[in-house]
Amino acid sequence: MLYIGCHLSYSKGYEAMGNQALAIGANTFAFFTRNPRGGSAKKIDDSDVQKFINIKNEHGFGKLVAHAPYTMNLCSIDKDVRFFAKKVMSEDLVRMESTPNNYYNFHPGSHVKQGTDIGIELISQQLNEIISPNQSTIVLLETMSGKGSEIGRNFEELGEIINRVEFNDKLGVCLDTCHVWDGGYDIVNNLDGVLDEFNRVIGLDRLKAIHLNDSLNPCGSHKDRHAKIGCGYIGEKALINVINHPALKNLPFILETPNDIDGYINEIKLLRENYIE
Ligand code: FE
Ligand code: FE
Ligand code: ZN
């Protein structure tokens, strides 16, 4: 079963996102749990959530891939920024329990001159204070392109964080095709080899979701500029191979391509047409 969707706006609530997903041919989606730049979160309306859960069950949606605000930096050099990041993630995870058993994806963070080792240590420490053994949500570390001082530029860095977290059965990875490509993993010519390496370093059982994006830049560029499917260096054929790979086939695929809603409708249609059941 192909679970495919894109980012939807949370501004009108869950039921509205469910209906919009149906309208565009999606059966999963991503949404920012709050303003992507941070800020306070909308209050959860239980009846809205229940209406959404009915839609999700009736139409057999895959797991949702919520996205933390991208300014959240668990390994900032500034203690207040780190504390704020911890507060945001902890609150978001409480809120996520209103729609149990979904995914919460975040960018590991940027170490900004502190060095990778300190970055990894701060992120792991914070996750140890945030993650509860009782939560139903799986927290996903996103693979990053390695622009600036981003942590998560290779599989080793993500594996190291996971190893240092006590309740790491609550952790997984979201693989962003643009980011790994920009990070130097050649998913065009050697998808099998990249996934073998993922398996060796992290374990494929940790791979829970895919951000499906083309890239405006060549492999290894560390730029992180997304392109529409088929309009970048990765190309349509390689991305179709990604959705059909036996190790990936049943994961939720989230488009983060620079599109308006009509563009997403077309990309979802194209991918469905090229998916082999
Ligand atoms: Fe992201
Ligand atoms: Fe992404
Ligand atoms: Zn990106």
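Me: How many Å separate the zinc ion (ligand 3) from the iron ion (ligand 1)?
Reply: Keep in mind that this is a predicted model. In it, the gap between the zinc ion (ligand 3) and the iron ion (ligand 1) comes to 5.4 Å.

Me: And which residues are the protein donors of the zinc ion (ligand 3)?
Reply: Along the chain, the donors of the zinc ion (ligand 3) show the spacing H-x44-D-x1-H. They sit 2.0 to 2.3 Å from the zinc ion, and they are His-179 (NE2), Asp-224 (OD) and His-226 (NE2).

Me: How many residues apart in sequence are the parts that His-179 and His-226 tie together?
Reply: Start with where each one sits: His-179 is in helix α6 (residues 177-182), while His-226 is in strand β10 (residues 226-227). So the pair ties together parts of the chain whose separation in sequence is 47 residues.

Me: Is His-179 buried or exposed?
Reply: The relative accessible area of His-179 is 2%. Buried means under 20%. So His-179 counts as buried.

Me: Now the iron ion (ligand 2): which residues are its protein donors?
Reply: In sequence, the donor residues of the iron ion (ligand 2) are spaced E-x33-D-x34-H-x44-E. At 2.1 to 2.2 Å from this ion you'll find Glu-142 (OE), Asp-176 (OD), His-211 (ND1) and Glu-256 (OE).

Me: What geometry does the site of the iron ion (ligand 2) have?
Reply: The angles among its four donor atoms run from 84 to 174°. Tetrahedral would need all angles between 85 and 135 degrees. The site of the iron ion (ligand 2) comes out as irregular.

Me: Which residue bridges the iron ion (ligand 2) and the iron ion (ligand 1)?
Reply: These two iron ions lie 3.2 Å apart. The residue that bridges them is Glu-142.

Me: How many residues apart are Glu-142 and His-211?
Reply: Glu-142 belongs to strand β5 (residues 138-142) and His-211 to strand β8 (residues 207-212). The pair links distant parts of the chain, with a separation of 69 residues.

Me: Are Glu-142 and His-211 buried or exposed?
Reply: Glu-142 has a relative accessible area of 0%, and His-211 is at 1%. The cut-off for buried is under 20%. So Glu-142 and His-211 are both buried.

Me: In β7, which residue is the bridge partner of Leu-141?
Reply: β5 runs parallel to strand β3 (residues 103-106), joined by four bridges, and Phe-106 has Leu-141 as its bridge partner in β5. β5 also pairs with strand β7 (residues 171-176) in the parallel sense over four bridges. There, Leu-141 is partnered by Val-173.

Me: What about pockets: which residues are closest to the centre of the largest pocket?
Reply: The largest pocket holds about 220 Å³ of space. Its lining has three nonpolar, six polar and four charged residues. Of the 13 lining residues, those closest to the centre are Phe-32, Tyr-70, His-107, His-226 and Glu-256.

Me: Last one: is Pro-246 buried or exposed?
Reply: Pro-246 sits in the loop between α8 (236-244) and β11 (252-255). Its relative accessibility is 71%, and exposed means over 50%. So Pro-246 counts as exposed.

Methods
Residues numbered from 1 in each chain as written. Chains lettered and ligands numbered in written order. Predicted model: local features only at pLDDT ≥ 70, side-chain atom pairs only at ≥ 80, totals over all residues. Heavy atoms only, no water. Donors = N, O, S within 2.8 Å, 3.2 Å for Na, K, Ca; no water. Tetrahedral: all angles 85-135°; square planar, octahedral: opposite > 155°, others 65-115°. Helix = DSSP H or I, 4+ residues; strand = E, 2+ residues; numbered from the N terminus. Buried < 20%, exposed > 50% of the residue type's maximum accessible area, 1.4 Å probe, protein only. 1 Å grid on protein atoms, 1.4 Å probe; cavity = no way out; pocket = protein on both sides within 12 Å on 5 of 7 lines; lining within 4 Å. Points joined across faces, edges and corners; volume = space filled by probe spheres on them. Nonpolar A, V, L, I, M, F, W, Y, C, P; charged D, E, K, R; others polar. Pairing = 2+ DSSP bridges.
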